Amino acid sequence: MQAEDARYLKRKVKGGSLDVHPTEKALVVNYELEATILGEMGDPMLGERKECQKIIRVKGLHDNSDLSQLAKEIIDKCKLINPNKLPEVEQLLYYLQNRKESEPSKASGKTKLSEKPEEPSMSDAGEIDEIANINDIDEYLELLYEDIPEKIRGTALILQLARNPDNLEEIFQNETVVGALARVLREDWKRSTELATNIIYTFFCFSSFSQFHGVILHFKIGALSMAVTEHEIKKHHMWLEELQKKKRLNDSDKSKRSKEDYEKSLKKYQGLVKKQEQLLRVAFYLLLNLAEDLKVEIKMRNKGIVRMLVKTLERDNFELLILVVSFLKKMSIFVENKDDMASNNIIEKLTKIIPCDHEDLLNITLRLLLNLTFDTDCRSKMIKFGMLPKLVGLLNNENHKLIVLCILYHISMDDKAKSMFTYTDCIPIVMKMLLESPETPDPELLALCINLAVNKRTAQIICEGNGLKMLMKRCFKFHDPLLMKMVRNISQHDGPTKTLFVDYISDLCNAVLTADDNFQLECLGILANLTIPDLDYELVLKEYNLIPWIKKNLQPGAADDDLVLEVIMLVGTVCSDDACAKMLAEANLIHSLIELLNAKQEDDEIVCQIVYVFYQMIFHEITREIIIKDTQAPAYLIDLMHDKNAVIRKVCDDTLDMIAEFDEEWARKIQLEKFQWHNSQWLETVETRHIEDDGFIYPEDGYDPYIQDTDILNRPELFYGPGEGYEHGMLDGHLTPEYIDDSGLYNGNADYYGYGGDYEPYARPESHLGFIRDGQPVDEFGRAMDPYGSAMIDEYGHYVNGDAEEDYHYGYSNGMR
């Protein structure tokens, strides 16, 4: 067939079956469309058939509707339904009237929630009674070059076509239409909200398919939509300020005129806001679709999309809020966006949405909150703005229970927040959920309970009544290690809760000897936490024959490190009892610990617990003697005294102090080691310190270098000073410390340095130069010499006679040598 032979296009519509929409109050009309191309003589040349559907929404249907009259109206308006199908239409309307709609879930039920925002409907665009035809698109294009009313009509008709996905490809091929729509939006969006809504809605229909994103970005529709959005947000702020002024005027005036003026302004404001929110909804949905590309999302973020979205959270339109929160949730996975949200006080704005009657909005808001709870500051703000009781109240809602548990778990990670749970009903609720759950509870529920048990007050509330009894019963029934971890956290608190565990020692010991790995670890941890003064540890060890089991697991390589650590902690606990310490010492357990210390010296936790065991055993005489006399434990402790771990250093110091009190030999070794360590640290500090601030310590001309930087034998001035002696009042050269006392001169008293009168810390060898006369050294000329062998000179410059006792002064006198 040649194209020029075609003369006519014949369309034939054949009616089909009727059905009801699965979720909405609507009828679905199935029909068949047959298009035939006729030749010049009217003979068919080419034909095509297509199955189609038309949805007729019956929004006015309610319990008191006249179904017969409504069915007639539907048949009159829809030519696709044959009039003889009136009874069938009435029957379908009756079914829709009595069908139960999905209601917000109650505590007893769970409904399916939408995973994405609902797309805008025709109510979000300009309403028009005319039915658009794809063959008339050129006529609609001409309307875009007319005045604003014609432009609104033209864009509404094009939008009607674009809402059918089958028409998008054909519209897309007409570049003139797409370019004209972009031009009109760019030039006239400020002149008409309805016009801007129609055009952005049309581009939204294109944005639903990724293959059209390139064209949208080419015409910069995304940037233009953001400009429109920001302008509308500013306009809303101005409207709100103006309305508040009139409200204040009405409150103060109380006149009829001011009241009417305010009511008129309020009605106008509500109408403007409704149209504006339709525009914002299609604009944000367009941007959300474009944000599938991460690079485009980054550009949006740089232009302030987060601030606009957070500002829009102040609206009351559920459909708009669902879209905005969905957009924020998508962006919140990046830390930069999350920080922007926090800086714009998003937590405070989300507080009013939780809880709300709209299930989809509540669900998506909780998911956004879950993303935000990974940030510590956001969790703190949730506590500050009173969101915790609201979240706890949602635990009974099956639709949101799991998400709320995750949020509460994140909040419970902060120690300060744990105590806040005591002011809510959270603990009774989660305990009920835990005890009524099947064999394997939700891990989110267990994680929250484990965190709550860390706090002493919440642990006491958990144990109130028969709380601990029911938990222990469930633990030993199902051997759940996570539940036992919760119980273990409870056991670490001093006070009445710890004594409750005495009744379960038998079960715990049996589990330690027979249970699987993880459950066994938790039971061991509970026994290690039971530091109860009145508990007979010796009886426990004997009755369950635990000492051979302990010794076996403390052999290097005999068990996993986690089990070894728990066993050592148990040993540290029972060693507080004198009889138990003796039993363990007689079982040669101290040597096993030393071998383990040598093998696991890189594991700080194991090392710290072994040192703590030694600390506990030092308090008992029999084990003290074994540690000090028969083992090298003190030597290991001395080596660990300077460990990089501060906790290990502290326990080592305390243990060595105890050893030093009972053994003089080890006391001297410990003191020497501490002195050598301190001295080496001081020398290292001196050698590596950086010279700063004071100018005289820089190595400039005229200043001597540090002593440690030179050979002391090449520095005679340290001993003799310059050849010409000292000037009046000046001490030239360098003086050793022992010559200087508090008054500036050395007084010869050795006690000044704390060494006692018979000890001279800087003793020098006796001089053998010259002669000795009456106990006074002299040279060959009979002149008195100082202790360094130099002739002494008086203040007048004369040599001092060795016989003149009154002329002799030891050391320095009046600054003269």
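Colleague: Which residues line the largest cavity?

Modeller: The lining is I505, L527, L530, L535, Y537, V540, L541, L546, L570, T573 and V574. Helices α29 (537-543) and α31 (561-574) each give two or more of these residues. This is a predicted model, with local features needing pLDDT of at least 70 and side-chain atom pairs pLDDT 80 or more, while totals for chains, interfaces and linings use all residues. Residues are numbered from 1 along each chain as its sequence is written, and side-chain values use heavy atoms, without hydrogens and water.

Colleague: What makes a space a cavity?

Modeller: On a 1 Å grid over the protein atoms alone, a cavity is a set of points where a 1.4 Å probe fits but cannot get out, and lining residues have an atom within 4 Å of a point. A search of the whole structure finds three cavities of 30 Å³ or more.

Colleague: What is the volume of the largest cavity?

Modeller: About 90 Å³. A volume here is the space filled by probe spheres set on the points, with grid points joined across faces, edges and corners. The second largest cavity comes to about 60 Å³.

Colleague: How does the lining of the largest cavity divide by class?

Modeller: Into 10 nonpolar residues, one polar residue and no charged residues. Nonpolar covers Ala, Val, Leu, Ile, Met, Phe, Trp, Tyr, Cys and Pro; charged covers Asp, Glu, Lys and Arg; the others, Gly among them, are polar.

Colleague: And how do the residues lining the second largest cavity divide?

Modeller: One is nonpolar, three are polar and three are charged. The lining consists of I233, H236, H237, K311, T312, E314 and R315. α9 gives the most, with three residues.

Colleague: Why is N518 put in its accessibility class?

Modeller: N518 has 49% relative accessibility, so it counts as partly exposed. The residue belongs to helix α28 (residues 517-529). Its C-alpha lies 8.8 Å from that of D480, 38 residues apart along the chain.

Colleague: What is said of phi in N345?

Modeller: Phi of N345 is near 60 degrees, a positive value in a residue other than glycine. N345 lies in the loop between α14 (335-343) and α15. Its relative accessible area is 36%, so N345 is partly exposed.

Colleague: And what is the phi of H479?

Modeller: It is positive, about 50 degrees, although H479 is not a glycine. The loop between α24 (467-478) and α25 (481-491) holds H479. At 38% relative accessibility, H479 is therefore partly exposed.

Colleague: Which kind of peptide bond joins I354 and P355?

Modeller: A cis bond, with omega about -10 degrees. P355 is in the loop between α15 (346-350) and α16 (359-372).

Colleague: What makes a polar contact with the side chain of D561?

Modeller: The side chain of K600, at 2.8 Å. A polar contact is a pair of N or O atoms within 3.5 Å; within protein, one must be able to donate a hydrogen and the other to accept it, and residues adjacent in sequence count only if both atoms are side-chain atoms. D561 lies in helix α31. Besides neighbours within four places, D561 contacts K600, D603 and I606. At 33% relative accessibility D561 is partly exposed.

Colleague: How does the reach of α38 compare with the expected one?

Modeller: Its 25 residues reach 36 Å from first C-alpha to last, close to the 36 Å expected at 1.5 Å a residue. The expected span is 1.5 Å times one less than the number of residues. Helices (H or I, at least four residues) and strands (E, at least two) are DSSP runs, numbered from the N terminus.

Colleague: What caps the N-terminal end of α38?

Modeller: D663, with a side-chain oxygen 3.2 Å from the backbone nitrogen of E665. The buried residues of α38 are W666, A667 and I670. Their cover includes α35 (621-630), α36 (633-640) and α37 (646-662).

Notes. On a 1 Å grid over the protein atoms alone, a cavity is a set of points where a 1.4 Å probe fits but cannot get out, and a pocket is an open set with protein on both sides within 12 Å along at least five of seven lines; lining residues have an atom within 4 Å of a point. Buried means under 20% relative accessible area, exposed over 50%, partly exposed in between (1.4 Å probe, protein chains only). Contact means heavy atoms within 4.5 Å.
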